Each structure stands twice: as C-alpha cells, then as structure tokens.
Amino acid sequence: MTVNRGNAMNIDSSIYVVGENTLIGVAIHRALERAGYCKTFSEKGEDLKNVSQIDRLFRERKPEFVFLAAGKTGGIAANIKYPADLMLDNLLIACNIIECARRYNVKKLLYLASSCSYPRDCAQPMKEEALLTGLLEPTNVAYAVAKIAGIKLCQAYKSQYGSNFIVGIPANAFGPGDDFSEEDSHVVAALIRKMHEAKVNDRKQVEVWGTGNPQREFIFVDDLADACLFIMDNYDTPEPINLGSGMAFSIRDLAEAIREVVGFNGSIVYDTSKPDGMPIKSLDNSKIRDLGWSPYFSLREGLAITYNWYRKEY
Ligand code: GFB
C-alpha cells in the first residue's frame, strides 16, 4: 500500500537523481535504494547541457521528485585552473534542469549548492542568512557565483510559479566514488592518495598544501545523501538549509587523522607556496538539527570506509 505523507516521496514515486556519476548523486541513489524507493533513475548518456535532450528525458520519464546533484566540481587547484568550465557547466545544468522541472510539473526539486557560496569572511559557523552579505573567496569565485545563481533560480521559480524547489548547502563531502586525481581532487581524497602512495613506495614524507591552518567541515557522503532524503520529505521553504555534520577540523588535524587511517609513518610537510583558500568554512546546522536530523558517521569511520574503497578500486 502507498502511504501518503503530503509532500513526501512515496515508495513508488518517480525520482530522478541528476548526476549519475557524481559523488553525491551515486550516494543519493544508494540511499534511495536502501530505503526501498523502487522507481529511481538517472540520465542514461543524455547531455545535461543539452536542453532538448533533458526536455525529452522529463517528458518520457515524468519525474515527481528531482535531486539535482550534478555539475563539475573540483578542489582548490581545479577551481583556480578551470573557472570557466566549472561556472559554465554548473550554470547550464541548473538552468536546464530547473526549467524542465517547472515545465513538467515536478512536485519537488532539491538543488545542492556549496558552502563556498558563503562570503569569504563570513561569521562562523555560517548561517543561511549570511549568503550574499560579503565578497567571495577569490580562488573559487566563478564556481560560487554559479552555485549562487542556482540558489536564486530556485527561489525565483518559487516566487513566480509557486514551484516547490528547495536548496541544500552541503559541507565538504567525501567518500567512496570521490575523485582521487592528483591535482584536481578535494583535500580528503588527495591526502588519502598521497599518503597511501607514500606508504606503499616507502617514501619518508608527504606534502600538504598551504599552512594546514584552514578549517573545513567534512561530511561523509552517505550522511549527506541521508540528509538530502530527509529534507526532501521534511523541508518546504525557499530559504536554503545547511547540510553539515558539525565536524569542523583544521587541515592539520585532518592530515593526522588520514595518516593514522592509512598507516603512513613518515612526516608531513606544509607547502606554503600553495593557497589556503577560505580560512574557515563551518556551517551552522541548527536548522536541520531542529527538524530532527543528525549525522551517523564520525570523521574516522568515514575516512576508514573511504580508504577501504580506494584500496579496492585503485
Ligand atoms: O578540498 P579543497 O580543495 O577545498 O581544499 P576548499 C581544502 C584545504 O585543504 C585548502 C588544503 O586549504 C587546501 O590548500 N589542502 C592541503 C589540499 N593539501 C591539499 C591537497 O593535496 N589537495 C587539495 N585539494 N587541498 C573547494 C572549492 O574549496 O571546496 C570548491 O574550491 C568547492 O569551490 C569545494 O566549494 C567544496 O574547501 O578549499
């Protein structure tokens, strides 16, 4: 029997997870399947930047709920090297998906923004109201502007058409399926790779970028996916909502934690010629906690699962 919970997803709702290969998209699929949702799908080779392909997909598959977890991402170096690619990809995908969701009367859409949408010198932990109150971090301004455009587009559709499009702002996600490339990855994947390679090649030291002082809030991707399902069912207002874990650490502490999980016994050196990026990014999670959601995995557990996955895959 189908249970009707107002705006909530039903077990047989048609659910489209946009981003078939992304870290977060894959984790949302896993979470939906685990929870028993039986009609979930992603694009099958369609180009998300091609509006006629996306229009056809919506017309044929008729999704009722959409998780928008697509768009190019990358760590600090990728943001410096490819600002145009990152910006264009994210803008086009947001425009195409959000407009098709309106055209085909999607009941509800969740757009995933990024914590780099907050101003560089934001008061910490960052509250949702702080968006657009100051200048952005220069190393990721192009990507951040694209993400802010996506947030504002959801709000504009809500205001003009009454569309139930909501926005989640995730902390820095990591987990199985992450990009482990040498230069373009985010810090967790990069340090797992560097320390693993140093261990197996018997190297004595590993280089960590920057001063080690910046602080980041990390969320294990299965917790993030769980938070996405939770707000799809329990949050209906156009103001963004932070999706964090409360686990804020300095890069130095993160590097030590990864060293232990990987079992690397050499030393860690800091290359201060590399950029630090935003000094602190930590989210105020009171909104989602007050609704009744909290994360399950500790940083250590998340790192161990991610490292096991990395060892099997690489
Ligand atoms: O993960 P990350 O690239 O993302 O870097 P951001 C976080 C911090 O780790 C920075 C330091 O201070 C880096 O300098 N770090 C140390 C390293 N060693 C490494 C390394 O080997 N690789 C990497 N990548 N970092 C991105 C944004 O910023 O975060 C994006 O550029 C996006 O726009 C994403 O929002 C979530 O948190 O600095």
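Predicted model: local features only at pLDDT ≥ 70, side-chain atom pairs only at ≥ 80, totals over all residues.
Local features here need pLDDT of at least 70, side-chain atom pairs count only at pLDDT 80 or more, and totals for chains, interfaces and linings use all residues. Residues are numbered from 1 along each chain as its sequence is written, and side-chain values use heavy atoms, leaving out hydrogens and water.

Let's begin inside. A nonpolar core is a set of buried Ala, Val, Leu, Ile, Met, Phe, Trp, Tyr and Cys residues joined through side-chain atoms within 4.5 Å; buried means under 20% relative accessible area, with a 1.4 Å probe and protein chains only. The largest core has 66 residues, and I28, F58, F67, I97 and Y111 touch the most other members. Helix α7 (residues 221-234) gives this core its largest share, 9 residues. A second, separate core holds 26 residues, including A198, L254, I258 and Y310.

Next come the strands, which are DSSP runs of E with at least two residues, numbered from the N terminus. Two strands pair if DSSP finds at least two bridges between them.

| Strands | Sense and bridges | A bridge pair |
|---|---|---|
| β1 (residues 15-18) and β3 | parallel, 4 bridges | Y16 and V66 |
| β3 and β4 (residues 108-112) | parallel, 4 bridges | F65 and K108 |

In strand β3 (residues 65-68), F65 and F67 point one way while V66 and L68 point the other, and all are buried. In a regular strand, side chains alternate between the two faces of the sheet.

S250 counts as buried because its relative accessibility is 15%. Its side chain reaches the backbone nitrogen of D253 at 3.0 Å.

Note on methods. Buried < 20%, exposed > 50% of the residue type's maximum accessible area, 1.4 Å probe, protein only. Polar contact = N/O pair within 3.5 Å; in protein donor to acceptor, adjacent residues only side chain to side chain.
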